[in-house]
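Have them both open as you read.

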Amino acid sequence: MKKNILAILILAATLINLTLTAVCLFVVVPTATKTNNLITKVASILTLEVEGVPLQPSEDHVALSDLDRFAIDEEMTIPLSKTAGDVKNHHVKVKVVISLNNKAKDYTTVSEQLTANLEVVKGRIQDIISKYTIDNIGENKKNITDKIRDDLREFFDSTTIYEITFNGFIYS
């Protein structure tokens with residue numbers, strides 16, 4: 001009789017252990033994975049090195065004091081491309097800020113041309129952003145700013161344009 005009770009207690013302990021392991025597997029592990037992914041995304045947004053290697057300034061790094069900001073004052077509302085089967089119109093509301101390297105040799109020329117060709121610049125920005133859909137606009141924000149920067153550098157034939165940033169990037 002004592003052997004049966006002991007066997008039942010061992011069986012009960014094994015089942016409890018198995019149940020707690022399953023709970024851990026299906027509840028704790030996915031949560032830890034999601035947390036790890038979130039931390040990785042935040043680190044990549046902040047351009048931190050996850051491996052702990054300090055960031056080295058690149059060859060084209062410009063000091064913050066050497067940058068002038070050219071803000072397009074009005075908020076731009078840009079229609080997005082439609083996805084297959086989507087009947088709703090989607091838009092992006094954004095204010096664009098163009099950072100110029102004031103130590104560049106053609107800084108004054110580019111800043112004057114930027115002011116004179118503001119409507120063309122806004123059109124080029126709209127052309128690039130409107131190629132994206134509501135499904136991929138949020139995850140491609142960095143790619144969009146890089147494409148706009150590269151397009152404006154090509155348009156003005158200058159590397160004075162250092163960076164494009166968005167203020168109030170809202171899409172729906």
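The report below looks at helices, charged pairs, aromatic rings and a surface patch.

The model is a predicted one, so side-chain atom pairs count only at pLDDT 80 or more.

**Helix H3**

Let's begin with helix H3, which runs over residues 118–129. Its 12 residues should span 16 Å at 1.5 Å a residue, and the end C-alpha atoms are 17 Å apart, which agrees. Which residues of H3 are buried? They are Val121, Lys122, Ile125, Ile128 and Ile129.

**Salt bridges**

In general, side chains of opposite charge can pair when their charged atoms come close. The structure holds 6 salt bridges, and three of them are set out here.

| Salt bridge | N to O distance |
|---|---|
| aspartate 151 and arginine 124 | 2.7 Å |
| lysine 142 and aspartate 146 | 3.1 Å |
| aspartate 146 and arginine 149 | 3.5 Å |

The pair of aspartate 151 and arginine 124 links distant parts of the chain: aspartate 151 belongs to helix H4 (residues 141–156) and arginine 124 to helix H3, 27 residues apart. Arginine 124 counts as partly exposed because its relative accessibility is 25%.

An α-helix has 3.6 residues a turn, so residues three or four places apart point the same way. Lysine 142 is exposed, with 55% relative accessibility, whereas aspartate 146 is partly exposed at 21%. Together with Asp150, the residues Lys142, Asp146 and Arg149 are linked in a network of salt bridges.

**Aromatic rings**

The count of aromatic pairs comes to 3. In one of them, the rings of phenylalanine 155 and phenylalanine 156 have centres 4.9 Å apart and planes at 75 degrees, so this pair is edge-to-face. Is phenylalanine 156 buried or exposed? Phenylalanine 156 is buried, with a relative accessible area of 8%, while phenylalanine 155 is partly exposed at 31% relative accessibility. Elsewhere, Phe166, Phe169 and Tyr171 form one aromatic cluster.

**A nonpolar surface patch**

Finally, Val23, Leu25, Phe26, Val27, Val28 and Val29 make up a nonpolar patch on the surface, with about 560 Å² of accessible area together. Valine 23 is located in helix H1 (residues 2–45) and counts as partly exposed, at 45% relative accessibility.

Notes: Residues numbered from 1 in each chain as written. Predicted model: local features only at pLDDT ≥ 70, side-chain atom pairs only at ≥ 80, totals over all residues. Heavy atoms only, no water. Patch = residues over 30% accessible without salt bridge, like charges linked within 9 Å, V, L, I, M, F, W, Y side chains within 5 Å. Areas by Shrake-Rupley, 256 points an atom, 1.4 Å probe, with all protein chains shown as cover. Salt bridge = Lys/Arg side-chain N within 4 Å of Asp/Glu carboxyl O. Helix = DSSP H or I, 4+ residues; strand = E, 2+ residues; numbered from the N terminus. Buried < 20%, exposed > 50% of the residue type's maximum accessible area, 1.4 Å probe, protein only. Phe/Tyr/Trp six-rings, centres within 6.5 Å; stacked < 30°, edge-to-face > 60°. Expected span 1.5 Å × (residues − 1).
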